[in-house]
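Biologist: I would like a close look at the aromatic rings in this model, with the reasoning spelled out. Please take one part and stay with it.

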Amino acid sequence: MHKIISNAAAMFAAMLPLAAAAQWQAAVDLGLRRTRVAEYNERGQRLVVERGWLPGLGLALDYRGEDTDLFAAASIFDADLDYDGRLQNGHAYRSQTRTTLAQVRLGARYRLHGSARLVSYAELDHWRRDIEGSGNVVGLRERSWSPRLALGLEQRWLVGSGGRVEASLAIVRAAPERLKVSFSGLLDDASFRTRSATGFAADLLYYPWAAVPLSLGMRLESIKVPRSAEVTAYRQVQPSGTLAQPEHVRHAATLFVRYSF
């Protein structure tokens, strides 16, 4: 038995340099995202607020180079959010919004000095909202796609015995959203393009132990999208007034556990 344990320990020790030198690393995230979305009219009065928790999954792939790291990531979160808004007549209306938030990210990290890195990435954000109708109130379905660019800084620290912390902060610039809206037959489907927007994203990742492939993370995101230009609304191909996507602010805080392999 002693000989078997000794041989196993020798084999494990022999594998350590290979693991340390590995340049490719993949990871799976299990997360919970606290989301808040608010819409405002032209006078700055709040029209709608949606909030709640969205469970989700993420995948990440990193290539660690000497001075440059490349990375790709994808995530999807899906659940119901509480909807608190008002109808056109001003009456309060509460419902549920089936929500899907998905993001795909591709970027690079460039070593600046010591453990500081410049981070840049391109991102595609997809947002689906299905607001449930009730009684005489019809439901509403929205689909939006927004390409984004981000630029920021990352810093790494060694902590404790073999642990480390990685923190980053980036400014995010979003192109106008491409938005499609379905009014459940009340009006014809409509398409919008919102306006460019600016926000931020912050990441914190904690690796407690060097020998255990588990880490804890948190991501904060916030962006404010200005009101869109008005478009003509149609009912059975006949003009029926105008429509606009209100100014909206999205906040999210995601907690996740990461397993790397």
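Does Y93 count as buried or exposed, and at what relative accessibility? Please place the answer among the aromatic pairs.

Modeller: In this predicted model, Y93 counts as buried, because its relative accessibility is 10% and the cut-off for burial is under 20%. The structure holds four aromatic pairs, and I will describe two of them, beginning with the pair of F71 and Y121, whose ring centres are 6.3 Å apart and whose planes meet at 65°, so that the arrangement is edge-to-face. Since F71 belongs to strand β3 (residues 68-86) and Y121 to strand β5 (residues 116-131), this pair ties together parts that are 50 residues apart in sequence. F71 is buried, with a relative accessible area of 9%, and Y121 likewise counts as buried, at 8% relative accessibility.

Returning to Y93, its ring pairs with that of Y83, the centres being 6.1 Å apart and the planes at 65°, so this pair is edge-to-face. The pair links distant parts of the chain, with Y83 in strand β3 and Y93 in strand β4 (residues 92-113), ten residues apart. Y83 counts as buried at 12% relative accessibility, and Y93, as stated above, is buried at 10%.

Charged side chains also meet aromatic rings here. R105 lies over the face of Y121, at 5.4 Å from the ring centre, and Y121 is the residue whose ring pairs with that of F71. Elsewhere, the charged end of R164 sits over the ring of Y207, 3.9 Å from its centre.

Notes:
Residues are numbered from 1 along each chain as its sequence is written. This is a predicted model: local features need pLDDT of at least 70, side-chain atom pairs count only at pLDDT 80 or more; totals for chains, interfaces and linings use all residues. Side-chain values use heavy atoms; hydrogens and water are left out. Rings of Phe, Tyr and Trp (its six-membered ring) pair if their centres lie within 6.5 Å; planes under 30 degrees apart count as stacked, over 60 as edge-to-face and the rest as tilted. Helices (H or I, at least four residues) and strands (E, at least two) are DSSP runs, numbered from the N terminus. Buried means under 20% relative accessible area, exposed over 50%, partly exposed in between (1.4 Å probe, protein chains only). A charge sits over a ring if NZ of Lys or CZ of Arg is within 6 Å of the ring centre and within 35 degrees of the ring normal.
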